[in-house]
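Open your viewer and get ready to click through this model step by step. Each stop tells you what to select and what you will find there.

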Amino acid sequence: ENLSQEGDILSQNRINREADETVQVQNVASERDNFEQEITEKINSKKIIMEAHISENAEKANKQMELRCQELHKNSENIKLKIQEEERREREEEGAISSEMATLHKETMQEADALIRVEVEKHEYELQNKNVARKKVFAQEEAVLLRSIEDQNRQSQMNISNIQRMNRSSVQSSEREWRGRTATWLHTATRKVRLKAEEEKKQQQKTGLAKRRGFKKNL
């Protein structure tokens, strides 16, 4: 009877431990998910800030470039007006402009236009490099944060495995000890039943023999 009650208790203990294990595993998983959500939000926040900085700096740099281009275009226009005035005087004095002057003026205007293109290209190159640098810093920070999620996932899986192993070990140890005692009791009980049956059989044989001898004596 005690072994039967212990068996019921062990069965209930297994159910309770499995329920506790479920709660513990859920807690670990919840902690893991919350950590991942927190890190993901941090990454998104950093990305928003990075993109805002890029946009703000690009807008500022473009305004500066616009002013610079206006200045260069004004300078180019002034050069053009000066060239036109020189060519007008040359025509009045010489009847026509010389090929040397025409070539010089053409090269001067080409240089003025080239200066504008160089400034624009330089602006775009520097802005692109700054954006690449900012994105590189963000990518490095993002990689560190993503690794922290991977580390947390590995640690959570280890914790879950430890919880399950400890619970199984505890339950199996108790059940193994109970099964050992049950097997011993069953073996002893079976032996007692067998010995009792053998004694009863011997007793019946003795009784039968005595009855037969008594019967013969009466004859």
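## First stop: Arg91

Select Arg91: setting aside neighbours within four places in sequence, Arg91 is in contact with Ala96 and Ile97, where contact means heavy atoms within 4.5 Å. Arg91 itself sits in helix H1. Helices (H or I, at least four residues) and strands (E, at least two) are DSSP runs, numbered from the N terminus. Arg91 counts as partly exposed because its relative accessibility is 45%; buried means under 20% relative accessible area, exposed over 50%, and partly exposed in between (1.4 Å probe, protein chains only).

A word on what you are looking at: this is a predicted model, in which local features need pLDDT of at least 70 and side-chain atom pairs count only at pLDDT 80 or more, while totals for chains, interfaces and linings use all residues. Residues are numbered from 1 along each chain as its sequence is written, and side-chain values use heavy atoms, with hydrogens and water left out.

## Zoom out

Now show the whole protein as a cartoon. You will find 2 helices and 0 strands. Of the 219 residues, 18% are buried. Taking contacts between residues at least 6 apart in sequence, 88% join residues at least 24 apart.

## Along helix H1

Go to Arg17, which lies in helix H1. Arg17 is partly exposed because its relative accessible area is 33%.

Next, pick Glu21, in helix H1 (residues 2-94). Is Glu21 buried or exposed? Glu21 counts as buried, because its relative accessibility is 18%. Beyond residues up to four places away in sequence, Glu21 touches Ile163, Gln164 and Asn167.

Move on to Asn27, also placed in helix H1. Asn27 has a relative accessible area of 49%, so it is partly exposed. Draw a line from its C-alpha atom to that of Ile160, 133 residues away along the chain, and the separation is 9.7 Å.

## The largest nonpolar core

Select Ile39, Ile43, Met50, Ile54, Phe138, Leu145 and Ile149, the 7 residues of the largest nonpolar core. Such a core is a set of buried Ala, Val, Leu, Ile, Met, Phe, Trp, Tyr and Cys residues joined through side-chain atoms within 4.5 Å. H1 and H2 are the elements that give two or more residues to this core, and H1 has the largest share, with 4 residues. Click on Ile43: apart from neighbours within four places in sequence, Ile43 is in contact with Phe138, Glu142, Leu145 and Leu146.

## Last stop: the largest pocket

Which residues line the largest pocket? Select Ala61, Gln64, Met65, Arg68, Glu119, Lys122, His123, Glu126, Leu127 and Lys130 to see the lining. H1 and helix H2 (99-218) each supply at least two of the lining residues, and H2 gives the largest share, 6 residues.

Note on methods
1 Å grid on protein atoms, 1.4 Å probe; cavity = no way out; pocket = protein on both sides within 12 Å on 5 of 7 lines; lining within 4 Å.
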